[in-house]
Structures are given as C-alpha cells and as structure tokens.
Amino acid sequence: MTVEIDISKNMSPEPELMCIFGTGDLGRSLGLRLLQCGYRVLYGSRTPHSCGPLPQGAQVMTHEESARSAKLIFICVHREHYEFLEKMAPQLERKVLVDLSNNLKKDMYMEANAVYLQRLVPKAAVVKGLNTLSAWALQNGLLAGRQVYLCGNNEEAKRDVAEMATKLGLTVVDKGSLSAAKEVEDFPLQLFPEWRMPLYVAVGLSAFFFLYLLIRDIIYAYVENDEDISYRIMISLANKVSPIMSLIMLALCYLPGAIAGFLQLYRGTKYRRFPNWLDRWMLCRKQMGLLALGFAFLHVIYTLLIPVRYPNRHKVISSVVNEMKNNNTTPFYFDNTKAWGADSLFALGILGFFLFVLLGLTSLPSVGGTLSWREFSFVQSTLGHLTLFLCTAHCYIYAWNKFLRTSTYKWYTPPGSMLCLIVPSVTLVLKLILVLPCVNRPLMRIRQGWERNRPKDEMGELKATNM
C-alpha cells in the first residue's frame, strides 16, 4: 500500500521580496529592518560588486535586474540622482515606488520630490512616505507605534505600502493624493513641533520670575538699603527660579487632566471631544514634564554648589572671626524646630526628586515600552501626583514661616516661593475632589438633578441655558 504525502501543504509561502535603490546608511538600515520582519531584500546599485557592506541575507544586483524582480521598490537616493530612473521607465512600469527622500530646507524646489519622480516615471505608482524615519531609528528598532505619513494617487499602491509599514510596527496616516507630498516632505524639517508650546510656556514663565525676583531681591536691596548684591544673580537667583519653574511645570502636567475630569462631570459623558486648547495642552504634557525634570536637575546642581561658593565661605569665616574677636564662648542655642524643619525639607526634596527621575525614565520609549498599560498608568498618574504632592510639601515647608512676616513682602510683593504654590495647590485640590467618592458623588447627583430640571424642547433635547 502506497501513501502519498503532499509536501507543498507543509511548506510555508516564500517571503515577499522588497527592492531598495540606494546602499547608503538609510538604505542599509531599512534593509536590515525588513529582513528582521521576515521580508527578502534585494538591493539595486550602480556598482553591485563594490557597494560596501550590506545586511546579512540581502542580495545586490544592478538597478535594471533588481527592478524586474520586485513589485515594491524603495527609492533611498537624493533627488539630484533621479535621472537614472527616467532611463529605467520601461522596467519600472506598474511598479510601486516609495520615495523616502528629504530636502535640506523648505521650498528648495518648486515641486515636491515625489511629484518630480512621478513625472519622470509616469507609468509607475509613486507613494511618498517613511521619510520621517532616520537610519538610527531603523537600526535600533525604535519604531513601535511611531507615526508615518503616506500620500499617493494610487490607492492600491498605498495599501501595499501601509501593510508593509504596519508589519514594521509603524502607525500609518494617509495624507491623501500626491499633491500632499510637499507637506509630507516638510515634516522632517520642522524644529521640535511638539515642544513649541511647552518651550514658549517655560521661557515666558522663566523670564517673568527672573525679572520679578531680580526686582524684589537685587534692585530692592540696592534702592532701599544701598547694598550691592548683584553677584547673587548668577547662582542664588537662578537657584530660586529653577525650583519655581520645576514645580509649576510639573503642576501644569496634571492640571489639564483635572480640568478634563470636571468637564466630563459637567457634560455628563466622557465621549465628547475636549476643546482644542485643552486637547493641545494634554498632548504636550510629556514635554512639560521633561522640562520640569530639567529645572529640577538645575535646582539640585545649584544647591550642591552653595557650600563652596565664596559668599557662603566668607560668611562662615566672618562669623568665626567675630566670635574670636568678641571672646564669646557662649555655646549656640540648638533650635529643635529648625532642625525638624531642615530635615523635613531635605527629606521631601530627596523623595520628590527620586520619583521625578523615575517619571522621566518611564517616559522614555525604551522603558515605557516594557510596561503594561496598567503599570505605565500607575507610574505616570499615581506616582506622578505623589511626586507633585511631595514637591509641593517641600516648598510649603520652605515658605511656611514667610506668609505672615511683613518683611517678606518687599514693596508689597509676595516672595516667589509663595507664588509658585498657587498652581500646584489648585491642581492637588481639584484632583482630591475628583478622587474622593464622598466629594464627587454629590457633584454627580447635583449634575443629574440639574439635567432633570432643565427645560426641554419639542424633540426632548435639553435647551442651552446660561450657567
């Protein structure tokens, strides 16, 4: 009895072949990533026998030979070298060409690179995309969830490229036809677009508090006491601005979440979109947190420098010399309250800074990617609010004895250590209201009763009323 076995059913299909024109850093990195994702890679080169080291497992041929073998071809060459593609128009007919090129500056050419490529090879399907990926990101595999943009006139070609990009771990955004290619090519030329708003806020607040403290501390001493303490600008004044900015920027990370919570309570639903200003604010919380961490590092460095500064050493030596001159051997009185206050100040500051660094580390993609959503939410939300509480308590202990002291209000202005407590205190109070059931449940009942008592129109929908 003979048993026939169909071996073809047990054989896995051959991986899809991808062609890359260009053996530079970008082309080699893209080929390595494609090989890691299970594709076969074929390079097209003018000099296939002397094109340098390529990823292990990849093949290399001439441009003409490689173009015949693959349907999808990545163009990893500069625009000024596109002329050879026009000569290959017959071989590139009905092929999908993915243009990854970028320019050195905006409006460098009248038309987009992808449009120019489509004009050179009219019978090919040109797709602009993946141009926001760097060779470094491709080599190190930092692609999970990263957003890339595609545009092209051929929908089937875009689907093929989008399917490939999804297998690489990328999130694809379709920008439409090839007329959007110029916009897509300008994305890599933008300078920190997500950091723009946080940087504006940080620079504006830093300038305000620097001038405010300059007037209160330096100019006030010169005008009222005829004392020149301008040397304090470099370290002492900076060491006052940096903790103020760190605390305020950290509070601004969590304030929009509290505002969003109250907005959802007011609306009675969490499925309506937030206003544009609140949406933009929430999207840049990570950048604000990193800036806050940077200011915290500055505060730590400035504080460590205080004992070795000349004014501080001069003050200590002068006090010792005065004791010797006056032959004063009376021991100093030990203030237990001040000792508790100083140790509590340092303890809260150290704990707050430790959690601050932990928040910054988990915001890194390489660290945050290893955490589950529940773990990431616990660190960024629960530990984040705990960090804000510890840092706010740190500032309260520093400024507690200055609130009622009249000498603190120079020219009737409060010290910066009092002003910086406003935003974090409001943020913590709002969060407490949202978290405590004994507080937010009555708010929900008030909201529901208000909804029942509001007048309705003929369709049964609530009429708008002025609150």
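Helix H9 (residues 236-267) packs against helix H17 (residues 422-435) at an angle of about 35°, with the axes 8 Å apart. The model is predicted, so local features need pLDDT of at least 70 and side-chain atom pairs count only at pLDDT 80 or more, while totals for chains, interfaces and linings use all residues. Residues are numbered from 1 along each chain as its sequence is written, and side-chain values use heavy atoms, with hydrogens and water left out.

**Helix pair**

- Helices (H or I, at least four residues) and strands (E, at least two) are DSSP runs, numbered from the N terminus.
- Axes are lines fitted to C-alpha atoms, for helices over the stretch in contact, and angles run from 0 to 180 degrees between N-to-C directions.
- H9 and H17 cross in the left-handed sense (the near helix is turned anticlockwise from the far one by less than a right angle).
- In contact (heavy atoms within 4.5 Å) are residues of H9 including Leu247, Leu255 and Phe262, and residues of H17 including Val423, Leu430 and Leu434.
- By class, this contact of H9 with H17 has 13 nonpolar, two polar and one charged residues; Ala, Val, Leu, Ile, Met, Phe, Trp, Tyr, Cys and Pro count as nonpolar, Asp, Glu, Lys and Arg as charged, and the others, Gly among them, as polar.

**Sheet**

- Eight strands make up an open sheet of mixed pairing, ordered S3-S2-S1-S4-S5-S6-S7-S8; two strands pair if DSSP finds at least two bridges between them.
- Strand S3 (59-61) and strand S8 (171-174) are the edges, each pairing on one side only.
- From one strand to the next the twist averages 30°.
- S4 runs parallel to strand S1 (residues 17-21) over four bridges, with leucine 72 in S4 as the bridge partner of methionine 18.
- Four bridges also join S4 to strand S5 (residues 96-99) in the parallel sense, and aspartate 99 in S5 is the bridge partner of isoleucine 75.
- From strand S4 (residues 72-75), Leu72 and Phe74 point one way and Ile73 and Ile75 the other, and all are buried (under 20% relative accessible area; exposed is over 50% and partly exposed in between, with a 1.4 Å probe and protein chains only).
- S5 pairs in parallel with strand S6 (residues 125-129) over four bridges, among them one between valine 98 and valine 127.

**Positive phi**

- Arginine 94, in the loop between helix H3 (83-87) and S5, has a phi near 65° and is exposed at 72% relative accessible area.
- Aspartate 107, in the loop between S5 and helix H4 (113-120), has a positive phi of about 55° and is exposed at 61% relative accessibility.

**Salt bridges**

- The count is 13 salt bridges, each a side-chain nitrogen of Lys or Arg within 4 Å of a carboxyl oxygen of Asp or Glu.
- Arginine 40 and glutamate 14 meet in a salt bridge (3.5 Å, N to O); arginine 40 lies in strand S2 and glutamate 14 in the segment before S1, so the pair ties together parts 26 residues apart in sequence.
- Lysine 158 is buried at 5% relative accessible area, and lysine 158 forms a salt bridge with glutamate 155 (3.4 Å, N to O); both lie in helix H6 (residues 155-167).
- Lysine 158 also forms a salt bridge with aspartate 174, the closest N and O atoms being 3.0 Å apart; this pair ties strand S8 to helix H6.
- Arg216, Asp217, Lys240 and Lys410 are linked in a salt-bridge network.
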